Amino acid sequence: MEWEPIKGFEALEVRRSDTGVVVARFLDRRISEKDLVRQIGEEMEELLPLAESSEKLVIDFENLEFICSSMIQKTIDLKKAAISASIQFRLCNICPEILEVFEITRLSEFFTINPDLERALASFG
């Protein structure tokens, strides 16, 4: 699979596959500072127009070790916006500690969570 980097993002690494799937990966290991949460939230909003053509978006948690509740809320908001825009939305590579939070709060039922990027991409069919 070929990947095209998408420029203009500072807190996320964003790229598009040759099939049009947009994948965004957090660059920081810990997301807890208010300014960083705001910046990532703004950048997440920019992902939806990029994903409109393929109607597929993946948020890759590969680097992430800690996420604050405000950032979880931004991810929920992005998923809701994706649903409204008819964009299929996946999460992947969530570390066990963060995944436990998603399971305790039952967010694992709201999100489609895949163990890795390869399976997230395959889940689109």
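## Charges on the chain

The chain carries 15 positive and 24 negative side chains, and the centres of these two sets lie 3 Å apart. Here Lys and Arg count as positive and Asp and Glu as negative, while His and the chain ends are not counted. Each charge is placed at NZ of Lys, CZ of Arg, CG of Asp or CD of Glu.

A word on what you are looking at: this is a predicted model, in which local features need pLDDT of at least 70 and side-chain atom pairs count only at pLDDT 80 or more, while totals for chains, interfaces and linings use all residues. Residues are numbered from 1 along each chain as its sequence is written, and side-chain values use heavy atoms, with hydrogens and water left out.

## The overall build

Let's walk along the chain. There are six helices and eight strands, where helices (H or I, at least four residues) and strands (E, at least two) are DSSP runs numbered from the N terminus. Their order along the sequence is β-β-β-β-α-α-β-β-α-β-α-α-β-α.

The C-alpha atoms fill a box of roughly 35 × 30 × 25 Å along the principal axes. Contact means heavy atoms within 4.5 Å; of the contacts between residues at least 6 apart in sequence, 65% join residues at least 24 apart.

## Inside and outside

How much of the chain is buried? Buried residues make up 46% of the 125 residues. The cut-offs are under 20% relative accessible area for buried, over 50% for exposed, and partly exposed in between (1.4 Å probe, protein chains only). The chain exposes about 6,900 Å², and carbon and sulfur atoms supply 46% of that area. These areas come from the Shrake-Rupley method with a 1.4 Å probe; for residues, only the protein chains shown count as cover.

## The nonpolar cores

In soluble globular proteins, nonpolar side chains tend to be buried together. A nonpolar core is a set of buried Ala, Val, Leu, Ile, Met, Phe, Trp, Tyr and Cys residues joined through side-chain atoms within 4.5 Å. The largest one has 36 residues, and those touching the most other members are Phe26, Ile40, Leu47, Leu57, Ile59, Phe61 and Met71. Among the elements that each supply at least two residues of this core are strand 2 (12–17), helix 1 (34–45) and helix 3 (69–84). Helix 3 gives the largest share, five residues.

Beyond its neighbours within four places in sequence, Met71 is in contact with Phe26, Ile31, Val37, Ile40 and Met44. A second, separate core has eight residues, including Val23, Ala120, Leu121 and Phe124.

Start with Glu13 in strand 2. With 31% relative accessibility, Glu13 counts as partly exposed. Leaving aside neighbours within four places in sequence, Glu13 is in contact with Val23, Ala24, Arg25 and Leu27. Pro49, found in helix 2, counts as exposed because its relative accessibility is 51%.

Two loops are worth a visit. Ser86, between helix 3 and strand 7, has a positive phi of about 60 degrees although it is not a glycine. Asn93, in the loop between strand 7 and helix 4, is another residue other than glycine with a positive phi, near 60 degrees. At 22% relative accessibility, Asn93 counts as partly exposed.
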